[in-house]
Amino acid sequence: MDDRNLMQNLLLLEKGCCDLYMHGAVESANSNVQGAFNAAYDDSLSMQSEIFAKMTDKGWYNVAQVEQQKVDQLKQQFATAQ
């Protein structure tokens, strides 16, 4: 397994952790448990962001640029849907 595959796996695992912590916070029965899940969620989001940034710096995670016209069309579509 090379570094790129390792980082991809770490990113996927971290995204999964974010999902679990978020659901744990939503389903918490009291504020102490919810606070613990929220803290873990924040830490996990931070780690996910760091992994993503390193992968992007190395060119291992490319984000496609969207034309401004398409962004504007979506904005208008959702603005009129309300």
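How many helices and how many strands are there in the protein? There are 3 helices and 0 strands. The model is predicted.

## Overall fold

The elements run α-α-α from the N terminus on. Helix 1 covers residues 3–26, and helix 2 covers residues 31–57.

The C-alpha trace spans about 45 × 45 × 15 Å along its principal axes. The radius of gyration is 17 Å. For a compact globule of 82 residues, the value would be near 12 Å.

## Burial and contact range

What share of the 82 residues is buried? Buried residues make up 12% of them.

Take the contacts between residues at least 6 apart in sequence. Of these, 58% join residues at least 24 apart.

## Helix 1 against helix 2

Two packed helices are described by the angle between their axes and by the distance between those axes. Here the axes of helix 1 and helix 2 come within 8 Å. They cross at roughly 160°. Angles over 145 degrees count as roughly antiparallel. Helix 1 and helix 2 are therefore roughly antiparallel to each other.

Which hand does the crossing have, left or right? Helix 1 passes helix 2 in a left-handed crossing. The residues of this contact divide into 16 nonpolar, 6 polar and 3 charged.

## Ser44

Ser44 sits in helix 2. Is Ser44 buried or exposed? Its relative accessible area is 1%. The cut-off for buried is under 20%, so Ser44 is buried.

Which residues does Ser44 touch, leaving aside its neighbours within four places in sequence? Ser44 is in contact with Glu14, Cys17, Cys18 and Tyr21. Helix 1 spans residues 3–26, and these partners carry numbers in that range.

## Gly35

Gly35 is also part of helix 2. Its relative accessibility is 34%.

How far apart are Gly35 and Leu13 in sequence and in space? In sequence, Gly35 and Leu13 are 22 residues apart. In space, they are 22 Å apart, C-alpha to C-alpha.

## Summary

The predicted model has 3 helices and 0 strands. Helix 1 and helix 2 cross at roughly 160°, with a left-handed crossing.

Methods
Residues numbered from 1 in each chain as written. Predicted model: local features only at pLDDT ≥ 70, side-chain atom pairs only at ≥ 80, totals over all residues. Heavy atoms only, no water. Axes fitted to C-alpha atoms, helices over the stretch in contact; angles between N-to-C directions. Helix = DSSP H or I, 4+ residues; strand = E, 2+ residues; numbered from the N terminus. Parallel < 35°, antiparallel > 145°, perpendicular 65-115°, else oblique. Left-handed = near helix turned anticlockwise from the far one by under 90°. Nonpolar A, V, L, I, M, F, W, Y, C, P; charged D, E, K, R; others polar. Buried < 20%, exposed > 50% of the residue type's maximum accessible area, 1.4 Å probe, protein only. Contact = heavy atoms within 4.5 Å. Rg over C-alpha atoms; globule rule 2.2 N^0.38 Å.
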